[in-house]
Amino acid sequence: MKILDWYILKRYLGTFLLMLLLFIPIGITVNLAEKIDKILENEVPFWEVVNYYVDFTIYFANLLFPLFLFLSVIWFTSKLAQNTEIIAFLSSGVSFWRFLRPYMIGATIVLIGALILGMYLAPSASKGFNDFKYTYLKKGREIQETSDVYRQINDNEYIYASHFQPQTNSARNFTLEHFEGNDLKFKISASRLKLNEEDTTYTLTNFNKRIVGENGDQLISEISKDTILPFEFDELTPVSYMAETLNYNELNDFIEQEQRRGSGNINRYKVVAYKRWSLPVSAYILTIIAVAVSSIKRRGGMGVNLALGITLAFVFIFMDKVFGTIAEQSSFSPLIAVWTPNIFFGILAIYLLFHAKR
């Protein structure tokens, strides 16, 4: 690479890291000020709090890195423009496309880092972050599907319970139906199901089993019956943030499993999976927009560029959240919802780039 490339690339990555180092402590301070009362009230151990804020740092950086990247590019590019360095570069015969090359190299480095962070590091941090939150800060808050739970547990069997109680590993009004093809072969029902953790068997109270036969059905009834059932209790109603805590390979397996089981939260899980790709890719789009907006020397100075940049950044984050929520709570395609902000801002990036080039 030439001197120009190294000069811009060092400013690109250096300003981005500086932005992270400046804003993450602010985020921790604001979060601690908000949560300190509950932390003290619940007598949370000191090292639990330390681990929480280590996880919070990774979670926070992964969530808001597009904003930090966008602002950092606008900041140092505006300084280049105000110092007439960009005019000097272009006047020396360097084309605008050539001027963009170190920015694209920097965006590629950030994209690779964001992929590693989002696919593998952030899920682990998200688990610690959410476990702490629901253990100490939001005690008693329902974080699992517990009412009218219906699941397909394998190719032949379906279960239903009117109410699951994860705290006691039990369920009420439980049924299991076994099919072969389209034919029901037997049905098990019980007023209560209880997991015996010592041997992973289940106790069914008011047990009834109806075996469907060609010449009549056979009914078996017992007041209480211990048996083995073909599912893991804690997998039937995963916590609402489960998808966020799984690495990419685990998440794909989890989504496939939940689709077979007929989970009502499948769109929420798909939104999480698609964002693992869409947010890193936004590094290219936001970098181009930031350069196009800030490479022009304006009468109002850097303040105008920063104001415009902050506005665009928050519009991007707003669209990302709104479309993600729409997909989670409706039948709207998660793939389209997650990629809509990138498509919209990609078109804007192309327009601004050609406008800046002129």
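A patch is made of residues with over 30% relative accessible area and no salt bridge, and nonpolar side chains are joined within 5 Å. The views below show a predicted model.

**View 1. A nonpolar patch on the surface of the predicted model.** Five residues, Leu 18, Leu 22, Phe 23, Ile 26 and Val 30, form this patch. Together they have about 450 Å² of accessible area. An α-helix has 3.6 residues a turn, so residues three or four places apart point the same way.

**View 2. Ile 26 in helix α1.** Helix α1 covers residues 3–41, and Ile 26 lies within this helix. Ile 26 counts as partly exposed because its relative accessibility is 47%. Ile 26 is also one of the residues of the nonpolar patch.

**View 3. The kink in helix α7.** Helix α7 runs over residues 266–294. From its first C-alpha to its last, α7 reaches 41 Å, close to the 42 Å expected for its 29 residues at 1.5 Å a residue. The kink in α7 is about 35° and is centred on Lys 275. Because 23 of its 29 residues are buried, α7 is largely enclosed by the rest of the structure.

View 4. When neighbours within four places in sequence are left aside, Ala 283 is in contact with Leu 69, Ala 107 and Val 110. The C-alpha atoms of Ala 283 and Leu 111 are separated by 6.2 Å, although these residues are 172 residues apart along the chain.

Notes:
Residues numbered from 1 in each chain as written. Predicted model: local features only at pLDDT ≥ 70, side-chain atom pairs only at ≥ 80, totals over all residues. Heavy atoms only, no water. Patch = residues over 30% accessible without salt bridge, like charges linked within 9 Å, V, L, I, M, F, W, Y side chains within 5 Å. Areas by Shrake-Rupley, 256 points an atom, 1.4 Å probe, with all protein chains shown as cover. Salt bridge = Lys/Arg side-chain N within 4 Å of Asp/Glu carboxyl O. Helix = DSSP H or I, 4+ residues; strand = E, 2+ residues; numbered from the N terminus. Buried < 20%, exposed > 50% of the residue type's maximum accessible area, 1.4 Å probe, protein only. Contact = heavy atoms within 4.5 Å. Expected span 1.5 Å × (residues − 1). Bend = angle between axes of the 7 residues up to and from the residue.
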